[in-house]
Amino acid sequence: TSTFCTTCHSASRSGAARGGAPVGVNFDTEEDVLEHADEMREMVTSRRMPPTRVLEQCLIDRFAAWVDSLEG
């Protein structure tokens, strides 16, 4: 998540530095990710996130597998 997600979704960012990410929707910790895991998976696999970059399918697959492993 540090390469793509927390560039906007981080508690250390505010205002315009959040790139439109809703306040309070942060992915700094594993607990944060688990809280939003289903939504994160949906947004990435549907290619709605990250909004400024198109991810290769292999990265999407790895991300989904990583989120699934956390929920395990």
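Asp-38, Arg-41 and Asp-68 are joined in a network of salt bridges (a side-chain nitrogen of Lys or Arg within 4 Å of a carboxyl oxygen of Asp or Glu). This is a predicted model, in which local features need pLDDT of at least 70 and side-chain atom pairs count only at pLDDT 80 or more, while totals for chains, interfaces and linings use all residues. Residues are numbered from 1 along each chain as its sequence is written, and side-chain values use heavy atoms, with hydrogens and water left out.

**View 1. Arg-41 meets Asp-38 and Asp-68.** Arg-41 pairs with Asp-38, their closest N and O atoms being 3.2 Å apart. Arg-41 also forms a salt bridge with Asp-68 (2.6 Å, N to O). This second pair links distant parts of the chain, with Asp-68 in helix α3 and Arg-41 in helix α2, 27 residues apart. Helices here are DSSP runs (H or I, at least four residues), numbered from the N terminus.

**View 2. Asn-26, before α1.** Asn-26 sits in the segment before α1 and is buried, at 12% relative accessible area. Its side chain makes a polar contact with the side chain of Arg-18 (2.9 Å); such a contact is a pair of N or O atoms within 3.5 Å, where within protein one must be able to donate a hydrogen and the other to accept it, and residues adjacent in sequence count only if both atoms are side-chain atoms.

Conventions. Helices (H or I, at least four residues) and strands (E, at least two) are DSSP runs, numbered from the N terminus. Buried means under 20% relative accessible area, exposed over 50%, partly exposed in between (1.4 Å probe, protein chains only).
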